[in-house]
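Here is a friendly walk through one protein model.

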Amino acid sequence: MKLTYLCQILLFIILCNSSTFVICQDSCASNLVQIQQPIPFDTTSLLCNQVWDTHNFFLRYAKASSNVWSFILSFPSNINGYAAIGFSNDGNMVGSSAIVGWMPSPGAGGMKLYYLGGTSQDKVIPDKGDIYVMNASLVPAGTSLVYMIFQLKITQPTSNLLFAIGPKAQFPEYPRYALPQHSDQISITIDYSKGTSGEISNLNLRRSHAVLNIMGWSILMIIGSLIARYFKQWDPIWFYLHVSVQAFGFVAGVIGIFCGLALSKKLNANVTHHKNIAILIIVLGFLQVLAIIFRPGKESKIRKYWNWYHHNVGRILIIFAVLNTFYGLHLGGQGSMWFIAYGVIIGILVIIAVILEIRMWIIARKQTHSTKTSSIPQSLELAY
């Protein structure tokens, strides 16, 4: 009987140290007695939300006084990276202030305030932010949980919260405390009075805006221009293919820009320059549509001016589209993978354009040489 009881205890200990066993994780029903040091504020009135189901993040919070709010964020220690909570005015990571905690082993770790001034590491500044943090501490609870305990001196915290985890086994280190790029993140809105929260449902809108604009203004427009410049020997197939590709690109791009306008209104984001460039791109796109509608005949005297207008407006459109796409990825706080993927696509298209340009130049040179040779009188050619 004693042996059976001992086996049960051992089994419980093993399961509690397993990261997949739910009982050993935090929950809103559990109390805070397992925290190994005194909490510097009253915890009896704290509301609780599971703010990130994927990684078992729980946030407890309450208004302690007229200008002080108390928070406790719990996360599993097995994430083996830093955990961060960000306070954002517009739901975007860029421009927000984040409290970051990390504990690579029990009793070792740290907790710092960061200002997220941009997507590059040098713009993520430690010990700086738009919030005033008090009574901050990072404490373990057993071997499976970590608690970030802090208070904010603020009348009302923003309802837009961000949560992130860092890459495995990468932590901020002395003396710079540089923050590695997050491996996963989520944005939520929270109602502090009701104790409810929900994920910000703009992910699909963000992706639609990005993908449609990249496909429309960048990729398809560039492909359409390559067809028009390098495949005119396939007349009239090249023309119909060129118009079709550009038309699909124009429609996709316009829809993408409208998705961006809706996203900007939803987030109340300040993206004036990005928006103005997008409006300029739409105007240039409509000018290209008008150019096709009022296209003069090949024998017309104004055809050469139309060619100059049509070609250069198209080039300007593509240049602004590529630049605005990179700028948009920067504003959206997208990771380096988006920049790399888009940069690789543009790089491939540029390489293809260079190869086709060299090919066209070689063909033109051969034709010029052939024409000169055929124009030499036969008698002179024999004499030579």
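Let us begin with two helices. The axes of helix H4 (residues 272–293) and helix H5 (residues 303–331) cross at roughly 155° and come within 9 Å. Here, axes are lines fitted to C-alpha atoms, for helices over the stretch in contact, and angles run from 0 to 180 degrees between N-to-C directions. H4 and H5 are therefore roughly antiparallel to each other (angles under 35 degrees count as roughly parallel, over 145 as roughly antiparallel, 65 to 115 as roughly perpendicular and the rest as oblique). The crossing of H4 past H5 is left-handed, a word used if the near helix is turned anticlockwise from the far one by less than a right angle. By class, the contact of H4 with H5 has 17 nonpolar, eight polar and no charged residues (Ala, Val, Leu, Ile, Met, Phe, Trp, Tyr, Cys and Pro count as nonpolar, Asp, Glu, Lys and Arg as charged, and the others, Gly among them, as polar).

A word on how to read this. The model is predicted: local features need pLDDT of at least 70, side-chain atom pairs count only at pLDDT 80 or more, and totals for chains, interfaces and linings use all residues. Residues are numbered from 1 along each chain as its sequence is written, and side-chain values use heavy atoms, with hydrogens and water left out. Helices (H or I, at least four residues) and strands (E, at least two) are DSSP runs, numbered from the N terminus.

Now for the strands. An open sheet is formed by five strands in the order S1-S2-S3-S9-S8, with antiparallel pairing; two strands pair if DSSP finds at least two bridges between them. At the edges are strand S1 (47–52) and strand S8 (133–141), each pairing on one side only. On average, neighbouring strands of this sheet are turned by 20° against each other, direction ignored.

| Strands | Bridges |
|---|---|
| S8 and S9 (residues 145–153) | seven |
| S5 (residues 97–105) and S6 (residues 108–116) | seven |
| S6 and S7 (residues 124–126) | three |

Some partners can be picked out by name. Leu138 stands opposite Met148 in S9, while Gly101 has Met111 in S6 as its bridge partner. S5 and S6 form a hairpin with two residues between them, and Gly107 in the turn has a positive phi of about 85°.

Finally, some backbone details. Most residues other than glycine have a negative phi, and most peptide bonds are trans. Asn80 is not a glycine, yet has a positive phi of about 55°; Asn80 lies in the loop between strand S3 (68–76) and strand S4 (83–88). The peptide bond from Tyr174 to Pro175 is cis, with omega near 10°. Another cis peptide bond joins Asp235 and Pro236, with omega about 0°, and Pro236 is in the loop between H2 and H3.
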